[in-house]
Amino acid sequence: MPSPIFQIVYRSTFRAARVGSPLQALRDIVTVSSRNNARDGITGYLIFDGDTFLQILEGEQAAVETTYARIAADARHRDPTLLHSGTAAQRSFGNWAMNGYLRSEADAAIFARHGVPGTIPPELSGATVMALAQELAAGQRRSAP
Ligand SMILES: Cc1cc2nc3c(=O)[nH]c(=O)nc-3n(C[C@H](O)[C@H](O)[C@H](O)COP(=O)(O)O)c2cc1C
């Protein structure tokens with residue numbers, strides 16, 4: 001029987017002074033993450049609004065925990081905070097080793113629908129991040145060439 005999928009959801013705060021533009025920071029992170037996560041059997045999703053990161057990582061528990069420990073020590077962000085960790089029957093983001101989403105006005109309605117009309121609130125739950133990410137990911141799949 002395959003081992004269950006382990007998922008974590010966390011948030012952190014961008015340290016803008018450390019790097020260039022938010023878009024460039026996101027691109028750099030996704031490039032390295034896609035390579036490492038494909039190697040480590042990890043999939044997930046990364047939402048960034050220029051200030052807050054929201055990330056989901058899923059895979060084998062040891063691989064997810066090792067990756068999160070490495071990410072948490074990254075100087076490009078601070079205050080990594082776990083919003084959820086636990087097992088799931090299947091992956092939610094199996095298509096992507098990591099996909100970065102930079103928040104834009106075009107998706108304001110989606111964020112509002114998930115209770116995030118403006119700044120990402122401190123009390124945001126892991127379940128809300130999962131639901132938001134799944135809706136954003138579905139839109140990206142539809143618009144893919
Ligand atoms: C918000 C954020 C998310 C990240 N997500 C991942 C990830 O999913 N996988 C990963 O390997 N590195 C991720 N990183 C980068 C790691 O912190 C680290 O720089 C990288 O894993 C080092 O890889 P290397 O040893 O191959 O250079 C992330 C960094 C930040 C700031």
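**Exercise 1. Which residues have the most contacts inside the largest nonpolar core, and how many residues does this core have?**

Solution. Two conventions come first. The model is predicted, so local features need pLDDT of at least 70 and side-chain atom pairs count only at pLDDT 80 or more, while totals for chains, interfaces and linings use all residues. Residues are numbered from 1 along each chain as its sequence is written, and side-chain values use heavy atoms, with hydrogens and water left out.

Step 1. A nonpolar core is a set of buried Ala, Val, Leu, Ile, Met, Phe, Trp, Tyr and Cys residues joined through side-chain atoms within 4.5 Å. Buried means under 20% relative accessible area, exposed means over 50%, and partly exposed lies in between, with a 1.4 Å probe and protein chains only.

Step 2. The largest such core has 19 residues, and those with the most contacts inside it are Y45, I47, I56, F93, F111 and L136.

Step 3. Two or more residues of this core come from each of strand 2, strand 3 (52-59), helix 3 (108-113) and helix 4. Helix 4 gives the largest share, six residues.

Step 4. Another core lies apart from this one; it has 18 residues, including F6, I29, I42 and I71. As a general background, nonpolar side chains tend to be buried together in soluble globular proteins.

**Exercise 2. Determine what F93 touches beyond its sequence neighbours.**

Solution. Step 1. Contact means heavy atoms within 4.5 Å.

Step 1. With residues up to four places away in sequence not counted, F93 touches T43, G44, Y45, I56, E58, M130, A133, Q134 and A137. Of these partners, Y45 and I56 are also among the core residues with the most contacts.

**Exercise 3. Describe the order of the elements and the overall form of the chain.**

Solution. Step 1. Helices (H or I, at least four residues) and strands (E, at least two) are DSSP runs, numbered from the N terminus. The chain has four helices and five strands.

Step 1. Read from the N terminus, the order is β-α-β-β-α-β-β-α-α. The radius of gyration is 14 Å, close to the 15 Å that the globule rule gives for 145 residues, so the chain is as compact as a globular protein of that length. This radius is taken over C-alpha atoms, and the rule is 2.2 Å times the number of residues to the power 0.38.

Step 2. Along the principal axes, the C-alpha atoms fill a box of roughly 45 × 35 × 30 Å. Buried residues make up 41% of the 145 residues.

Step 3. Among contacts with a separation of 6 or more, 78% join residues 24 or more positions apart.

**Exercise 4. Is G126 buried or exposed, and which residues is G126 in contact with?**

Solution. Step 1. G126 lies in helix 4 (residues 126-143). Its relative accessibility is 6%, and G126 therefore counts as buried.

Step 1. Leaving aside neighbours within four places in sequence, G126 is in contact with V9, L83 and H84. G126 and L82 are 44 residues apart in sequence, with 8.3 Å between their C-alpha atoms.

**Exercise 5. What is the phi of D79, and where does D79 lie?**

Solution. Step 1. D79 lies in strand 4 (residues 77-88), and its relative accessible area of 48% makes D79 partly exposed.

Step 1. The phi of D79 is near 55°, a positive value in a residue other than glycine. Most residues other than glycine have a negative phi.
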